[in-house]
Amino acid sequence: MGLLTFKMGGIHPPESKLSAKSAIEEVVLPKQAVVPLSQHLGVPAKVQVKRGELVKVGQLLAKGEAFISADIHSPVSGKVAKIEPRVDSTGFRKESVVIDVDGDEWDESIDTSTDIVKEIKLDQKEIVERIHRMGVVGMGGATFPSHVKYMVPDGKTVEYLIINGVECEPYLTSDHQLMLEKGEELIIGITIMMKALKVDKTIIGIENNKPDAIENLKNIAKNYQGITIEALKVQYPQGGEKQLIDALLGREVPSGKLPLEVGCVVNNVGTAYAIYEAVQKNKPLIERIVTVTGKTVGKPSNYKVRIGTPITELLEKANCDMEGTGKVINGGPMMGKALVLLNVPVTKGTSGVLLLEKAEAKRMPVLNCIRCSKCTDVCPMGLEPHLLSIIARQAENERCEEEQIMDCIECGSCVYTCPSGRPLLDNIRLGKSNVGFMIRNRSRK
Amino acid sequence: MDDAILNALLVMASIGVAAAVILYFVAQKFKVIEDPKIDLVDEALPGANCGGCGYAGCRAFAEGMVKAGTMEGFFCPVGGNDLMKDIGPILGLVPEDKKPQIAVLLCNGSIKNSIPKFDYDGDQTCSFTTNLTAGVGGCSFGCLGGGECVDACNFDAMYMDPETNLPVVKFNCVACNACVEACPRDILELRNRGPKEKRIFVACVNKEKGPLSKLNCNVSCIGCKACVKVCKFDAIDVNNFLAYINYEACTLCRKCVEVCPTDAIHEINFKPRKPKPPKVDKPKVAAKPKAEKQAEAVVADLTKDLPKAEAEVEVKAEVKAEVKAEVKAEVKVEAKVEVKPAEATATEGEEVKSEN
């Protein structure tokens, strides 16, 4: 008893971790890799290669020149076939580099051995620079460029580094498997992050449904100073950074502010592993672990996938029954978005591919709001989704802003719990985009 | 007892008189002097409060116009030129003549032309879907078919065509600009109605390169500039692989329509083109009055080339409704002509109105 969790709201959907305990497998290289230039939050990177150029694995393809932007490296070796707009997971065309794969030749500077390098040679500034140049972004799904978090502005002090191993989304198991198989590397990654932030206290939050991962990391962390592992009660959306800080430290991040305000920096375990590879092995972020799961998947598994691999290849490898599938979701069932086309590439933010059966994929018929206040009860941000939904629909943007619509983390708990099947989050997203537009216009004046 | 009633009456009466005197002086002191013209203009206006003039309502428009002392830049799209001519004498001004306009849908990405590539079962509001997905057809510029423009229309001048999943603008559009503002993808535009409702425009807003836009839609503008070369009046510009016809400069010669390889340029309310040998002698036609001649020609053409006309109409969502209406009207005209040929000119002038 007495497991920690966040105070406000939250739900507990069926966990359905079908792919748990299936070891990370490598996927065969695709024939053609499509690497979008905008795989992260912020400004798209600027392309650095020309058509027809031969590239090696890990070679810089595009440089993120703005502050909030990330570099993009070649995940495969071969010839740059085209630089043209390609359809991404939402159906929009985004500028991408298309590479015809030829062999698997790595850049010389990358250490491809599997030895674990424990000694940290770089100093604090070099680490941040390395993270920046290796194109590391937040691997939890938001793909926020990581180096920005490590450039702490003057006057702010970081007390705690919080590592997010919660994986509260049902179905997804990529972080879980990473914690089991790459525990040592992960912990070294965390020590690098601690050095970069100059903090001496780190808490890794892991939900209690992953006891093997908790034990594994506890055993490894014994040998390192300042790292504690905290088991958390299973509750969605504990993986949200504000909820995680609340669960671990009981601190509340003020509305519209960053976790830095309460002396915290939150990063995902996937990011910690990527930082380990970037700093110790000089390896850019060119591959990630993707869970392919769902009831129509023959073999739910966790794959180590090069970025740019088409999702169709993963589905083929996992032996999926596409006849019975109604929807393919990019991400988890709660926050993921349905794919409009299947031959879109895996990007830095693809944490999972979820296949829903035809019956599961159907939306409930929309009925009237019965004011049962279930959505208000489960909202982890303390908002009133039913009210926001209505006023967002009526385009009352000022009122939406007053009701703190921008605090919504789009976790989808309200829609999950609504007995009338109302599209609450759809409406709130509409309101958020309207209010965001209004705020941007205001700041321009 | 009597005294009590009398006293009460006296007190009440004296309070009444005192209040009346005070109110009179207060009213004199704080009198709001308003130009009586504002009331006159306000009465003349249609009272739709649609905001098409750019003011909050009809009253605000009247106030603005009277205070400005000029009619330049003031135009009520609902009442049109006729109304402005009525208002002119009230203000002692002469209004500028403005060409009547209509909202035009610059997209032809119907279900047939831009084949849906996936099912979308989420929220149908355009302003929501525009951020979420490019659209079921795959075009990230074209119409989403959510009907937000139809909801915005205050004049029942738009409806969604279930066959094409595109909105259709009816004749009674007053060009109030509400749909143009409602559309999150800027597909609707106000254009001149043109002589006899004839219009030519590029029904596409796709700014992608030709091969890319053709992947999603059969009738997109590919920016080939064939229309620019054929246009003698410099009315067509191509920017970002998208042609745009300037309706002020266009003389409706229809040459661009013929050369467009993707049928992206639409002509509306033109007579269907005659088949290849155009010289067909019709000795009777010359003797008849002009309107009758036209009416007969249209009916003859439509019946003769029915399959061809239909094929053309299918592609052009907007043409469809209008051509059908025209056929009806023309038939009516012809029936009357048989009785009294002299009335034909009058009925022709009214035909557009009567359809509405």
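The radius of gyration is taken over C-alpha atoms, and the rule for a globule is 2.2 Å times the number of residues to the power 0.38. By that rule a compact globule of 445 residues would have a radius of gyration near 22 Å, and the 21 Å of chain A therefore agrees. The model is predicted: local features need pLDDT of at least 70 and side-chain atom pairs count only at pLDDT 80 or more, whereas totals for chains, interfaces and linings use all residues. Residues are numbered from 1 along each chain as its sequence is written, and chains are lettered from A and ligands numbered from 1 in the order in which they are written.

**Chain A: form and domains**

- Along the principal axes, the C-alpha atoms of chain A fill a box of roughly 65 × 50 × 50 Å.
- Chain A holds 14 helices and 17 strands (DSSP runs numbered from the N terminus, helices being H or I of at least four residues and strands E of at least two).
- An automatic or database domain assignment divides chain A into domain 1 (124-280) and domain 2 (374-444).
- The centres of domain 1 and domain 2 of chain A, taken over C-alpha atoms, are separated by 28 Å.
- In chain A, 6 residues of domain 1 are in contact with 7 residues of domain 2 (contact: C-beta atoms, placed from the backbone, within 7 Å).
- The side of domain 1 of chain A that touches domain 2 of chain A has 2 nonpolar, 4 polar and no charged residues (nonpolar: Ala, Val, Leu, Ile, Met, Phe, Trp, Tyr, Cys and Pro; charged: Asp, Glu, Lys and Arg; polar: the others, Gly among them).

**Chain A: helices H3 and H7**

- The axes of helix H3 (residues 174-181) of chain A and helix H7 (residues 269-280) of chain A come within 9 Å and cross at roughly 50° (axes are lines fitted to C-alpha atoms over the stretch in contact, with angles from 0 to 180 degrees between N-to-C directions).
- H3(A) and H7(A) are therefore oblique to each other (under 35 degrees is roughly parallel, over 145 roughly antiparallel, 65 to 115 roughly perpendicular and the rest oblique).
- Asp175(A), Leu178(A) and Met179(A) of H3(A) meet Val269(A), Gly270(A) and Tyr273(A) of H7(A).
- The residues of this contact between H3(A) and H7(A) divide into 4 nonpolar, 1 polar and 1 charged.

**Contact between chains A and B**

- Chain A contributes 13 residues and chain B 16 residues to the contact.
- Helix H14 (residues 424-444) of chain A gives the most to the side of chain A that touches chain B, with 4 residues.

Conventions
Two residues are in contact if their C-beta atoms, placed from the backbone, lie within 7 Å.
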